[in-house]
Amino acid sequence: MVTNKKNNSSKPVIEIKEMHKWFGNFHVLKNITLKVNQGERIVICGPSGSGKSTLIRCINRLEVHQQGDIIVNDIELSGDLKNLEAIRREVGMVFQSFNLFPHLSVLENCTLAPIWVRGLPKKEAEEMAMELLTKVKIPEQALKFPGQLSGGQQQRVAIARSLCMEPKIMLFDEPTSALDPEMIKEVLDTMIELAESGMTMLVVTHEMGFAKKVADSIIFMDEGEIIEQNNPKTFFNNPENERTKLFLSQILNH
Amino acid sequence: MIKELYKPGSYPNLAPPKGTVGFYGWTKSNLFSSLSNSLLTIFSFILLYFLIDGIIGWFFLDAVFDADSKIECRKIDSGACWAVITRRVGQFIYGFYPDAERWRIDIVFIGLFFASAPLLYPDLPLRRWLLWFSGFYPFIAFILINGGLFGLVSIEINLFGGFMLTLIIGVSGIVCSLPLGIMLALGRQSKLTVVRSISVCFIEFMRGVPLITLLFVASSMLNYFMPPGTNFSILVRVIIMFTFFAAAYIAEVIRGGIQAIPKGQYEAAESLGMTYWQTTRFITLPQAMKISIPGIVNTFIGLYKDTTLVIVIGLLDPLGIGRAALADTKWNGLSTETYLFVALFFFVSCFAMSRYSLWLENKLNTDHR
């Protein structure tokens with residue numbers, strides 16, 4: 001188990017206060033309050049439709065919340081475009097369906113945003129991209145196109161692409177749900193390594209083994225609410241809420 | 001025991017059964033797979049033989065390539081009388097452009113080749129330098145064709161005609177309508193209501209009106225809409241109309257391409273902090289254009305062939321030159337030869353465009369499925 005010492009000492013990097021979100025008339029997120037500290041790793045789980053993906057997509061404003069506050073790295077998320085750009089530079093995101101750019105090579109996928117958004121010189125961006133591709137163990141694929149890689153490799157490229165922006169926070173939206181069983185491990189290994197390097201991570205996943213191993217705390221959501229937030233030990237061994245027990249029995253006992 | 005000795009993956013790759021691959025296999029499965037198919041194959045070959053024999057005879061073997069009139073042609077041989085073309089080939093190419101100045105058009109044609117090459121083939125050597133030439137080419141071509149500068153004799157527009165006219169209208173229309181079409185497609189998808197409304201109105205109006213109407217407007221009415229004192233030449237007005245017309249269609253084709261891009265692409269670009277214009281330039285358009293290539297080229301081919309419509313406002317494109325030739329009593333009645341020749345010219349140009357688009361699609365294909 002990975003431990004994190006500076007947990008409670010520092011100021012939260014993400015602070016969500018009484019946040020609500022609606023899709024039309026449908027109330028998807030209800031009164032969400034959440035604090036994430038620097039270097040903290042949080043796993044969010046829950047049945048499908050519980051709003052867990054929507055929650056992390058609100059943090060970099062891929063979804064817009066209607067009520068309450070979200071403060072990321074001391075910047076408040078609002079309609080202000082300048083704030084939005086600043087936050088997106090700090091927050092990386094990995095998607096379930098990878099979302100690599102199919103018309104660009106792996107290397108170009110990794111260097112596009114650093115060059116144009118951060119203004120890095122091309123050479124520097126390429127060096128950094130190669131370094132990160134080496135970290136996710138696929139430097140030899142740099143000149144191939146995404147379509148030529150396996151799912152696991154694509155997801156590792158997607159992780160490297162996000163890291164090229166040198167984010168302070170990484171969001172993972174079910175990163176292994178679209179993968180074949182044989183490839184899940186290589187992506188989880190990459191994420192574990194990232195966790196060990198001290199990255200602040202919010203991970204939506206059903207991989208309970210991963211949660212046990214790296215999470216500082218686990219959030220269980222249902223019907224748009226945070227039902228329970230606990231450390232992994234308590235969460236798995238004696239969950240407080242009946243709904244959590246039911247969920248755990250359903251995903252662990254088969 | 002045998003089972004323990006067997007190593008997975010050691011089973012040899014065997015050759016396919018005899019007679020299923022190669023020339024023999026192909027012939028058997030495609031031409032002679034059954035009795036009825038074999039009979040059909042033989043019947044088709046006999047039919048093809050007579051057809052090709054007749055065509056070659058009429059087109060080449062029995063054809064007359066030089067004579068003074070149709071009557072002389074018929075005296076010499078029974079096939080096609082290509083003399084109507086060979087005697088007037090200058091008119092078919094240059095229209096009524098003065099003989100002494102036709103070298104200017106030749107330079108424009110050769111220049112077009114060098115100006116379009118770097119735009120069409122991204123891997124060309126010295127592309128950077130040739131692109132500079134492509135940038136200046138429209139001005140060079142304009143001065144050469146029009147004259148009136150640098151001691152070149154000014155040529156009246158009503159002397160333009162033939163393939164030269166087709167190329168001027170077709171190429172200008174194609175080059176101008178693509179950027180306008182892209183802008184309209186983006187405008188139609190815009191979140192800004194005013195931009196979107198203007199784009200939608202423009203596209204729907206242009207698509208809802210026959211091109212021929214627009215050409216009549218260009219020939220008679222456009223000057224009323226312009227501030228007094230401006231007087232565009234008829235050719236510029238026609239090119240503007242072709243550009244607007246094609247741009248509206250291209251905008252719709254590209255909009256289809258943009259809408260085919262998965263939402264995740266935008267989300268990925270947004271989460272990397274890219275702005276709308278960066279996303280459009282690096283993510284949306286490259287993918288949308290690639291998907292839209294067949295539709296865009298389709299529109300271009302349509303525009304190119306529609307240039308024959310300028311005949312209705314008195315400009316003499318190859319078809320018009322052909323009709324003028326047929327009106328001549330010497331060549332009366334040779335419409336088959338004349339129209340076939342014009343058709344051949346259009347076919348060669350359009351077929352080239354179609355092959356180029358296939359090549360480009362293949363080149364840009366990074367799916368590797």
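**Figure 1. Confidence across chain B of the predicted model.** Within chain B, helix α1 (residues 2–5) has the lowest confidence, with a mean of 62, while helix α10 (residues 193–208) has the highest, at 93. These values are pLDDT, the predictor's confidence in each residue, from 0 to 100. Helices are DSSP runs (H or I, at least four residues) and strands likewise (E, at least two), numbered from the N terminus. Chain B has a mean pLDDT of 86, and 95% of its residues reach 70 or more. The model scores ipTM 0.87 and pTM 0.83. As this is a predicted model, local features need pLDDT of at least 70 and side-chain atom pairs count only at pLDDT 80 or more, whereas totals for chains, interfaces and linings use all residues. Residues are numbered from 1 along each chain as its sequence is written, chains are lettered from A, and side-chain values use heavy atoms, with hydrogens and water left out.

**Figure 2. The second largest pocket.** The space in this pocket amounts to about 1,000 Å³. Its lining comprises 26 residues, of which B:K191, B:E270, B:T275, B:Y276 and B:W277 are the closest to the centre. Two or more lining residues come from each of α2 (81–90) of chain A and α9 (162–188), α13 (263–271) and α14 (276–306) of chain B. The greatest contribution, five residues, is from α14(B). By type, the lining holds 13 nonpolar, eight polar and five charged residues.

**Figure 3. A nonpolar surface patch on chain B.** The patch consists of B:F45, B:L48, B:L51, B:I52, B:I55, B:I56, B:F60, B:L61 and B:F65, which together have about 920 Å² of accessible area. B:F45 belongs to helix α3 (residues 35–61) of chain B.

**Figure 4. A salt bridge in chain A.** The side chains of A:E166 and A:R118 form a salt bridge, with an N to O distance of 2.8 Å. A:E166 lies in the loop between α5 (151–163) and β7 (169–173), and A:R118 in the loop between α3 (106–116) and α4 (122–135); the two residues are 48 apart in the chain. Over all chains, the structure contains 25 salt bridges (a side-chain nitrogen of Lys or Arg within 4 Å of a carboxyl oxygen of Asp or Glu).

Terms used
On a 1 Å grid over the protein atoms alone, a cavity is a set of points where a 1.4 Å probe fits but cannot get out, and a pocket is an open set with protein on both sides within 12 Å along at least five of seven lines; lining residues have an atom within 4 Å of a point. Grid points are joined across faces, edges and corners, and a volume is the space filled by probe spheres set on the points. Ala, Val, Leu, Ile, Met, Phe, Trp, Tyr, Cys and Pro count as nonpolar, Asp, Glu, Lys and Arg as charged, and the others, Gly among them, as polar. Patches are made of residues with over 30% relative accessible area and no salt bridge: like charges are joined within 9 Å, nonpolar side chains (Val, Leu, Ile, Met, Phe, Trp, Tyr) within 5 Å. Accessible areas come from the Shrake-Rupley method with a 1.4 Å probe; for residues, only the protein chains shown count as cover.
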